[in-house]
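Please read this briefing alongside the sequence and the model. The notes are grouped by topic.

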Amino acid sequence: MCGIVGYVGKRPAAPILVEGLHRLEYRGYDSAGLATPEAGGLRVIKTEGRVQQLRNLIKEEIPAAVGIAHTRWATHGEPSDANAHPHLDSAGRIALVHNGIIENSDRLRAQLTAEGVSFASETDTEALAHLIGRLMAAEDAPSLEEAVRAALSRVEGTYGIVVLDRDNPDHLVVARNGSPIVLGIGEGEMFVASDVAALVRHTQQVVYLDDGELAVVRSDEFHTSTLAVEASPVVKSPTTVDLVADDYELGGSTDFMSKEIHEQPTALARALSGRLNERFATAHLGGINMEPRELRAIRRVKFLGCGSSYYAGQMGAQLVEELARIPADAEPASEFRYRNPVVEADTLYVALSQSGETLDTLAAAQELKRKGGQLLGVVNVVGSAIARECGSGIFLHAGPEVSVASTKALTNTATSLAMLGLLLGRVRDLSTADGKRIVAGLRRLPEQVAEILAQEQAVAQVAARFADTRSMFFVGRVRGWPVAREGAQKLKEISYVHAEAYQASELKHGPLALIDNTMPTVIVVPDDELLSKNIGTIEEIKARSGAVIAVTNAELPAGLVDAELRVPRNETELDPILFTIPLQLFAYHLAAKLGRDIDRPRNLAKSVTVE
Ligand code: AGP
């Protein structure tokens, strides 16, 4: 959420900063800006709108070889030129970009205003720029590093910041508490970013700052230390990221959502690779450092995630209960820490996150660790905060997911949880025959997903037929319920069509009142033990003139539904994974038909690093 880029080196900074912002635009895209030093001052260019608008404002070459830049997702103050980052102190000496939220900004703002400071924006960030600037204006002025430390000691909240001093433009000061910051190590040049996506074009050598750390970054060196006013040095060595610039390119695709939907067969194959064991009919999950005896001691599993990761957790809970016959459930991570949860010693808690940065999920993981819970992470981004907090778990291997609407990460999460269910089942009562059946089913998934994607045009035609609908129901039973929830979420997120998910069995307890010929229903109909119940629900909807779109692998009676989205057969336990795919295509094509900006849905951003 919000993107930060910084550069100090030997080349003109501005093109590097703008290119970096472009890579980070999926994290926030309502305003953008940059600051570089120039003779006698700071040059600040910022604007409401996209990075392209910022690019258009840069009319001449800017020679400065140092600078900071930001793309914003508004928290305090509407998207506007004034609220765009960087923010300056009153003297125009300090420029600062910030991700996160300064929770005591109202108090700081009131104190600073009483001291005569005028504010140019409504943001929480500006108070911090003034605090640093005022410290540096004092007679025995501290260094920028000391001023940042002292100013941050007065700040409550979360931040990833980069600060530039007009009078000492040979370095940047960077600090982190709750919002990611990574340094990129070049040859005679250094980069700073909130996400490696902005760095991999220039270097694969990176250093992740941890919470409570500060770095002073010069073109040829960096020093890291703790954030405390009485700082201690922290020695950090660069690690190599296994990503290149092409991973963040569109290639031949029109947008990242479409690209990532079509990457699913390969992404799934990567997630499964080396993790299925035919001989013992189980899964081999190297990141879970638990002996069979410890796995057997688990009495309950709880999945914690937000949005699509939560729905993937619901799919996982169903899989664990079916395969391992132990109670499992999923809960939104965003609520977890606020209800003083009872943490049980024999429950396995699993934090789910594509980005590994979602603040609510990170906070749930921290609460669990504080209470001594057994915790695993199921995360896509290696080195991310949640991956490091959890220490062990399963990496998704989905590759970078840029689209705000999650697709391949959800599929890989559900598949990883199926492997976890298989592993837990095989140390209990899941037979070898059933284990083999699930292993074979998992192996078939990449090919079957490709088969569904090959029917894209048919799904697009169905989506086009329903594109002028204002509201839809998505319903499913048991295994189909999280599929319906994820389908509704995807449609809302990118098309802005209202979509509400219900358990199909709940329809008659109230929502059926809304069914008429303007309210279509998408129903998830696997050919399983609940087929006749789902057919009954379809009949009830049809009797009230509602249109029905069935996602199905069953042979439904002719003329029963208005449209079918077909899914190949696999083992019923794995149905949710396959049934999700046509609904991604449905949401995508309906949104495309409505002319939506698919990769940049309004009001949203990838990686929610604020509460
Ligand atoms: C999915 O389409 C959404 N953009 C959103 O619900 C997302 O899944 C959620 O914010 C959690 O993100 P995470 O998996 O990165 O933690």
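A polar contact here is a pair of N or O atoms within 3.5 Å; within protein, one must be able to donate a hydrogen and the other to accept it, and residues adjacent in sequence count only if both atoms are side-chain atoms. The model is predicted, so local features need pLDDT of at least 70 and side-chain atom pairs count only at pLDDT 80 or more, whereas totals for chains, interfaces and linings use all residues. Residues are numbered from 1 along each chain as its sequence is written, and side-chain values use heavy atoms, with hydrogens and water left out.

**D528 and its contacts**

- D528 sits in the loop between strand 24 (521-525) and helix 17 (531-542), where helices (H or I, at least four residues) and strands (E, at least two) are DSSP runs numbered from the N terminus.
- A polar atom of the D528 side chain lies 2.9 Å from the backbone nitrogen of L530, and the D528 side chain also makes a polar contact with the side chain of R479, at 3.1 Å.
- D528 is buried, with a relative accessible area of 11%; buried means under 20% relative accessible area, exposed over 50%, and partly exposed in between (1.4 Å probe, protein chains only).

**The ligand and its surroundings**

- Of the 14 residues around the ligand, S309, S353, S355, T358 and E493 come nearest, a residue being near a molecule or strand if one of its heavy atoms lies within 4 Å of it.
- An oxygen atom of the ligand is 2.4 Å from an N or O atom in the side chain of T358, a polar side-chain atom of S309 lies 2.6 Å from a ligand oxygen atom, and a polar backbone atom of S308 is 3.2 Å from an oxygen atom of the ligand.
- The protein covers 89% of the 410 Å² of accessible area that the ligand has on its own, with areas taken from the Shrake-Rupley method with a 1.4 Å probe; for residues, only the protein chains shown count as cover.
- The shell divides into 3 nonpolar, 9 polar and 2 charged residues, where Ala, Val, Leu, Ile, Met, Phe, Trp, Tyr, Cys and Pro count as nonpolar, Asp, Glu, Lys and Arg as charged, and the others, Gly among them, as polar.
- Helix 9 (308-324) and helix 16 (480-495) each supply at least two residues of this shell, and helix 16 gives the most, with 3 residues.
- Domain 2 (251-452) and domain 3 (455-599) each contribute at least three residues to the shell, the domain bounds coming from an automatic or database domain assignment.

- The 16 residues of helix 16 should span 22 Å at 1.5 Å a residue, which agrees with end C-alpha atoms that are 22 Å apart; the expected span of a helix is 1.5 Å times one less than its number of residues.
- Helix 4 (residues 125-136) is largely enclosed by the rest of the structure, because 10 of its 12 residues are buried; among them are E126, H130 and M136.
- Helix 1 (residues 13-24) is mostly covered, with 10 of its 12 residues buried, including E19 and R23.

**The segment before strand 1**

- C2 lies in the segment before strand 1 (3-8) and is buried, with a relative accessible area of 8%.
- C2 and L445 are 443 residues apart in sequence and 35 Å apart in space, C-alpha to C-alpha.
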